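Work through the exercises below with the structure in view. Try each task before you read its solution.

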Amino acid sequence: MSGDQGDAPTCKMEKLQLTDDLEESEFFRTYSRLETHLDLLKDSARTMAYKDAIQQNRELFEGKVVLDVGCGMGILSIFAAKAGASKVIGVENADIAALAMQIVKENGKENVVNVVKGLIEEVELPDGIQQVDIIVSDWMGSSLYVEGMLHSVLFARDKWLRPGGLVLPNVGNLWIAGACDPHRSLNNGFWNNVEGFDMSSVKYAVAHEAVVDCVASQNVLTNSFLVHSTLLERAPNEPIKFRTVFALEVLRTGIIHSMILYFDVGFFVGQTEKPVTLSTSPQSPWTHWEQTVLHLDKPVYVQANERITGGIGMFPSAHNSRCMNFELRVRSKEAQGLVSHFKYFTSSQKL
Ligand SMILES: C[S@@+](CC[C@H](N)C(=O)[O-])C[C@H]1O[C@@H](n2cnc3c(N)ncnc32)[C@H](O)[C@@H]1O
């Protein structure tokens, strides 16, 4: 945990604000790039989940006013218009908003969809609209809460959603499991000799990174434990901060090198027999969120049917409110008795 210890508190606040401003412009610069949106649109597990959820619930959309928070290139707005919404407002702060307007036109939805460029926290809705029936948004980041966009959706809900209105998706769940990494020593060894040069200091620099990576389903050694849930129609709009104790059952004998985090979101509305869920678990089809890997410093040897316990905490980073810090404890039975592994991680550059 760092910080400019010598500064007077007011200077520190100003510095933090400035850092946050820079990071905010970087965030929206990333979302102004076409490639970022191409990656999202090509993630068919993601895009199809939204399409299915909206189209399977046409009766909920027909004649309704819909707000798309962070509409990007406008795909969710167009889905909503196609499902019969009478008015869709897509709000987007990044420059990609200009393209969204064109795309809406190209698809003949300009009489239904209005794209408004600006921050959801600052815009007025067009035509004097004061209330909406449905909010749709793809707000999720890695480990569900990285990127912090949930707060923008909850802000919009508190400002414009009519009583009894819907937020889609309406549930987000974060899960933890234990996994092995058969390439761990190879990956670690890489830095010892990079074309004949010692770069082993990199190993220590990255040891506390919450790494976004694809975990093969056969490398998951435990069941999963539900760490945290958000019900979007009810959750208070407060910073995400929690500590959860977990217990995991080992499914296969092996070595746990890391704990992994993944999430799912649910569209639990309407009369549909099989509500749509979008899962980023290693057992589900690949998504651009992949999984978040928290590498342990020492391997944990486990036997099938044994239980391992621990705790996971998640808190906004002091350096960038869109990043999250994690604290992880894993307890395992080893030859010498109960061993506790404890480590901090961050999704930011600094703890
Ligand atoms: C993950 S993308 C989703 C884009 C689009 N809805 C889709 O599904 O392809 C999130 C979008 O929300 C926008 N966004 C994030 N926070 C916002 C805010 N506070 N106000 C307006 N737009 C925001 C980003 O610029 C980004 O384009």
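Two strands count as paired if DSSP finds at least two bridges between them. Keep this cut-off in mind for the strand exercises. The model is predicted.

**Exercise 1. Decide how well S1 is covered, and on which faces.**

Solution. 
- Step 1: Count the buried residues. In strand S1 (residues 65-69), five of five are buried.
- Step 2: Recall a rule for strands. Side chains in a regular strand alternate between the two faces of the sheet.
- Step 3: Sort the residues by side. Val65, Leu67 and Val69 lie on one side, Val66 and Asp68 on the other. Every one of these is buried, and both faces of S1 are covered.

**Exercise 2. Name the unit that S1, H5 and S2 make, then describe its helix.**

Solution. 
- Step 1: Follow the chain from S1 through H5 to S2. Together they make a β-α-β unit, and the unit is right-handed.
- Step 2: Check the cover of the helix. Seven of the eight residues of H5 are buried. They are Ile75, Leu76, Ser77, Ile78, Phe79, Ala80 and Ala81.
- Step 3: Look past the helix end. Gly84 follows H5 and has a positive phi, near 105°.

**Exercise 3. Describe the shell around the ligand.**

Solution. 
- Step 1: Count the shell. The ligand is surrounded by 20 residues, and the closest are Tyr31, Gly70, Gly72, Asn93 and Ala94.
- Step 2: Ask which elements supply two or more residues to the shell. They are helix H5 (75-82) and strand S2 (87-92).
- Step 3: Sort the shell by type. It holds 13 nonpolar, four polar and three charged residues.

**Exercise 4. Work out the strand order of the open four-stranded sheet, and explain which strands are its edges.**

Solution. 
- Step 1: Read the order. It is S9-S13-S14-S15, and the pairing is antiparallel.
- Step 2: Find the edges. Strand S9 (242-249) and strand S15 (337-346) each have a single partner strand, so one side of each lacks a neighbour in the sheet.
- Step 3: Neighbouring strands here are turned by 15° against each other on average, direction ignored.
- Step 4: Inspect the pair S9 and S13. Eight bridges join them. Leu248 meets Ile308 of S13 as its bridge partner.
- Step 5: Inspect S13 (residues 307-316) and S14 (residues 324-334). Eight bridges join this antiparallel pair. Phe315 is bridged to Asn325, and Ile312 to Leu328.

**Exercise 5. Judge the overall form of the chain against a compact globule.**

Solution. 
- Step 1: List the parts. The chain has nine helices and 15 strands.
- Step 2: A compact globule of 351 residues would have a radius of gyration near 20 Å; the chain has 22 Å, which agrees.
- Step 3: The C-alpha trace spans about 70 × 55 × 40 Å along its principal axes.
- Step 4: Finish with burial. Of the 351 residues, 38% are buried.

Methods
Residues are numbered from 1 along each chain as its sequence is written. This is a predicted model: local features need pLDDT of at least 70, side-chain atom pairs count only at pLDDT 80 or more; totals for chains, interfaces and linings use all residues. Axes are lines fitted to C-alpha atoms, for helices over the stretch in contact, and angles run from 0 to 180 degrees between N-to-C directions. A residue is near a molecule or strand if its C-beta atom, placed from the backbone, lies within 6 Å of it. Ala, Val, Leu, Ile, Met, Phe, Trp, Tyr, Cys and Pro count as nonpolar, Asp, Glu, Lys and Arg as charged, and the others, Gly among them, as polar. A residue is buried if 20 or more other C-beta atoms lie within 10 Å of its own, exposed if 12 or fewer, and partly exposed in between; C-beta atoms are placed from the backbone. A crossover is right-handed if, with the strands pointing away from the viewer, the path from the first strand over the helix to the second runs clockwise. The radius of gyration is taken over C-alpha atoms; the globule rule is 2.2 Å times the number of residues to the power 0.38.
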